[in-house]
Amino acid sequence: MMEPAAYLLLSGILFGIGVVGVVARKNALIILMSVEIMLNGVNVAFIAVGSHLGDVTGSVFAFMVMTVAAAEAAVGLAILIAIYRLKETIDITELNVLKW
Amino acid sequence: MSPIPIDAAALLTGLRCILPEILVVATAIFVLFVDLMIPEENKRILCGISLIGVVISLFSVFLLGPARISGFSGAVVHDGLGAFFEIVILAACALTLLMATGYSEWEGTHKGEFYSLLLLSTSGMMFMAKGTDLMTVFLGLETLSIPIYVLVGFHRHRMSSIEGALKYFLLGAFASGFFLYGVALMYAATGTTKIPALAAMLLDARLAANPVFLAGVGLLLVGLAFKVSLVPFHMWTPDAYEGAPTVVTAFMSAAVKAAAFAALIRVLLLTFGGLQPVMWKVLWALSVLTMTVGNLSALLQDNVKRMLAYSSIAHAGYVLVGLVSGDFLGGQAALFYLLVYAFMNIGAFGVVILIAQKEDEGYDIRNLAGIGFKYPALGAFLTLFLVSLGGIPPTAGFVGKFYLFSAAVKNGYIWLAVLGVLNSAASIYYYLRLVVYMYMVPAEGEMPVPRPSRLAFSAALFASGAAVLLLGIFPGSALDLAARSVLSLLM
Amino acid sequence: MTGPADLIFYFVAALTVASAILVATLPNIIYSAVALLFSFAGVAGLYVFVSADFLAATQVLVYVGGILILILFAVFLSNRISTVKISNPVHFNWQAALLCLALFGVLSYTAVSTKFPVKPGLSYQPTTAEIGELLMTRYLLPFEVASVLLLAALIGAALLSRPEGEKERSADMEEPK
């Protein structure tokens, strides 16, 4: 068993990589994947802290985060498919009906 | 394995505590079922059913009264603050539904899904406003957001609508990530996610200096700032507001903002004791930035819907002025302003829906030319709402701003109040610009014919107009209600 | 003290982080999706280390079995396989880099500077029963709100992605086969 600080650091790294992905990439799908990485980072923090404290709240919270992540992914992909039907692209720089 | 013991009395208390939410969710599910059974031409009934559900829910809020009921092991609480925001959110939802009857006919949104998503989103907002565990707040936030992402993209054959949905979705999911990481860090520092427990722990000064906890609060603030579109987390707002079906825009600008502010107020007012020295600077800067950027951007817009979107950013900045001091007076003013803002903004969007004949094209400011004299009722309503948004007496917008800025002055944030007043003055320019177009610019060529208003739609406009005037001239009882709500939180 | 368990931990952590970096930087979407698989699996491995058996299983089921499959569906729906150029470059910008550096700095500082109370060694016990019981008691309300949320997501996703109506039928014909 490692120190909880190690897990917190790891979760911070994962979260940061996710943020980089969201900010630096223009493809909506990759942005979505990066958001999932961010959420995974969050879950690592919750579960590691929870299990260190011997408190199940962290696990339950992570469970809820997973539920929400799945729901978000479903809705997000539905939006992407609707966009693709109209425009045949999901590169957000090519979507410029509205200003970005 | 032994069965789980169920505490029936506690469960009943909990159910009583979330009665208004249960009613809204039940209505949403009922609408879905009725939608299956009625023919296409009778879909208007769905709007009526939703409205009845919302009114019953509103009634149940009054029935429960201001008494404090805590339920579900402290996951949720019905207190003055929760009740106040439930009233704001349900009123906004009812006005939206009234306007949706007409709008749905014009734009073809008469679908069971539209109403049930609207109601599910409303229930999420109410959970968010009442949540005392950050887990409830988070789930409320997501239950609020996911239907709104879909509603923004409801006109999926219109590129601007679905694109607004994509941008809102991506940034919303990104913001949720920040919110969650903030909660995770706060949990790491304290071992709890319950807001009252966090507040109690903050009395220990060591926690207030703990970098993990501070980073957590900061990230949580960023997540909520996205939702209330504070500068610099506002970039999704104009696109989502412009692309969305206009009734949805009206709903988002009033209700989503109110719900997110409810959570923000609950967290901020309770944790303020320990964090005040750092927090007020952050909020001060956010508030000034939000007001200024929102107003300056609104000055440049020729599209009325986009202009109202930027102005709604600026209004979030005004509300934040009340939270900088984090005391009773500011909280009261912020609550009152959110109530007033719901009425005046939904009203303004309502008139704009009538004047614009088509989504995407009808929102150019030149479309307003000459409307004022030809259609005096529409002109009068829009003028009233714009005057109130600009903060000119005798409207409710003036009273709201007066209390916000005077709370800032009383707490010694003179410069904040001065900047707020200056911003407010600048905003009058672009609000009155619309009025000038309506009454003083002759129409070029053929004047657009507004949509014939439906009874329900007119009722919504009358209700908002009456609220704006009444709250402007007799603000006493609403201010008392706001005061009691804040007190119920602080006690 | 570095035991074999620690070595495995470092390996899993490195796998997770490396594949996450690949997701965020690889130009080809399909490669990103595959890298995401390894990242999710690595996170599931980390959960095992902190004795979160239930969550590890859920991670595999929900993320690998659900979300990743959804994403792959979207990748294949939105990219014709025949047009091999599924790439899209990484747009580097200074603001993003600065923001991320700042974030990394703050987060790693907070992680390292935290003093956690020292607890007796972790006991590896099954958590599933406890989580299940708490979901029915203490966390009943969040559990129910999550069900409302899933209902909303279900309606919304179906509404946006199903083909319908004469007007939209023609647009649907142009979908990639």
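Predicted model: local features only at pLDDT ≥ 70, side-chain atom pairs only at ≥ 80, totals over all residues.
Chain A touches chain B through 33 of its own residues, and 61 of its residues take part in the contact with chain C. In chain B, we will follow helix α19, which covers residues 455-473.

**Where chain A touches chain B**

- On this side, 33 residues of chain A are in contact with 30 residues of chain B.
- Three helices of chain A, namely α1 (4-24), α2 (28-53) and α3 (57-87), each supply at least two residues here.
- Of these, α3(A) gives the most, with 15 residues.
- By type, the chain A residues that touch chain B split into 26 nonpolar, 4 polar and 3 charged.

**Where chain A touches chain C**

- Here the contact takes 61 residues from chain A and 68 residues from chain C.
- The elements of chain A that give two or more residues to this side are α1, α2 and α3.
- The largest share, 23 residues, comes from α3(A).
- The chain A residues that touch chain C comprise 46 nonpolar, 10 polar and 5 charged.

- Chain A has a mean pLDDT of 84, and 85% of its residues reach 70 or more.
- Among the elements of chain A, the highest mean pLDDT belongs to α2(A), at 91, and the lowest to α1(A), at 87.
- One stretch to read with care is residues 96-100 of chain A, where the pLDDT is below 50.
- Beyond near neighbours in sequence, that stretch has 10 contacts in the model.

**A closer look at helix α19 of chain B**

- This helix has 19 residues and reaches 27 Å from its first C-alpha to its last, close to the 27 Å expected at 1.5 Å a residue.
- Its buried residues are B:Phe457, B:Ala460, B:Leu461, B:Ser464, B:Gly465, B:Ala467, B:Val468, B:Leu471 and B:Gly472.
- Seen down the axis of α19(B), these buried residues fall within an arc of 155°, so they line one face of the helix.

Technical notes
Residues numbered from 1 in each chain as written. Chains lettered and ligands numbered in written order. Helix = DSSP H or I, 4+ residues; strand = E, 2+ residues; numbered from the N terminus. Expected span 1.5 Å × (residues − 1). Buried ≥ 20, exposed ≤ 12 C-beta atoms within 10 Å, placed from the backbone. Arc of directions from axis to C-beta. Contact = placed C-beta atoms within 7 Å. Nonpolar A, V, L, I, M, F, W, Y, C, P; charged D, E, K, R; others polar. pLDDT = per-residue confidence, 0-100.
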